[in-house]
Amino acid sequence: MGVALKHIIPVFVLLAVTLSACVQTPVETETEQAWDTRRDELMRLENWDLKGRISIRSENYSGSGSLYWAQHKDEYDIRVIASLPGRVYEFSGSGGVISLQTSCESVIQTEDAETLLNQALEWYFPVSELVYWIRGLPTPALPVHQLLFDEANRVSTLSQAGWSVHYKRYIGIDGTSMPERLDLENDHMHVRLFVRQWNLP
């Protein structure tokens with residue numbers, strides 16, 4: 001009897017491991033398929049506008065202000081009306097021309113949003129990447145160092161281009177979950193975005 005059990009127990013162990021592997025594989029596949037579906041849906045979303053708040057903190061300054069963003073395919077119009085620090089700036093971009101207007105009514109223009117912000121405000125903000133991050137997407141052209149999901153297969157944490165993006169809260173808009181609160185940080189800067197209104201086509 002003891003000899004029989006000695007041979008039967010390993011069989012049960014092997015069977016349990018095999019069944020466990022069979023159960024786990026479809027779950028992982030379903031998760032991947034759900035994210036692929038959501039990613040493709042968000043990539044097709046090329047037109048939107050939003051209103052919200054932005055706050056920025058670094059070693060040298062901190063400030064907050066209003067954020068207005070209208071996107072139409074590859075063209076965008078972004079306005080950040082903020083006190084950074086102690087002065088009001090209006091940042092807008094459309095048709096490939098980026099403008100920054102200060103409270104002194106001086107206007108700076110360029111074709112590169114990141115360069116403009118770096119020259120005028122001495123900080124770098126990833127506008128090119130944010131067009132994807134604001135939708136809850138990694139930037140397709142750049143390597144992804146970390147990508148974590150929540151229970152609804154929405155991105156919860158994304159590390160890319162030297163930034164860590166943490167999605168704190170989503171909101172349902174016309175059947176689509178869109179980011180409502182996200183925090184961005186790198187070694188020098190912390191940015192908090194709160195979207196109070198999404199308008200989707």
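Mentor: Because the model is predicted, local features need pLDDT of at least 70 and side-chain atom pairs count only at pLDDT 80 or more, while totals for chains, interfaces and linings use all residues. Residues are numbered from 1 along each chain as its sequence is written, and side-chain values use heavy atoms, with hydrogens and water left out.

Trainee: How many salt bridges does the structure hold?

Mentor: There are seven.

Trainee: Why is the contact between Glu180 and Arg169 called a salt bridge?

Mentor: A salt bridge is a side-chain nitrogen of Lys or Arg within 4 Å of a carboxyl oxygen of Asp or Glu. The N to O distance of this pair is 2.8 Å, so the contact meets the definition. Glu180 lies in strand 10 (residues 176–185) and Arg169 in strand 9 (residues 163–173), eleven residues apart; strands are DSSP runs of E, at least two residues, numbered from the N terminus.

Trainee: What makes Glu180 buried?

Mentor: Buried means under 20% relative accessible area, exposed over 50%, and partly exposed in between (1.4 Å probe, protein chains only). Glu180 has 14%, so it counts as buried.

Trainee: Why is Asp77 called partly exposed?

Mentor: Its relative accessible area is 27%, so it falls in the partly exposed range. Asp77 bridges to Arg79 at 3.9 Å, N to O, and Arg79 is also partly exposed, at 32%.

Definitions and conventions
Helices (H or I, at least four residues) and strands (E, at least two) are DSSP runs, numbered from the N terminus.
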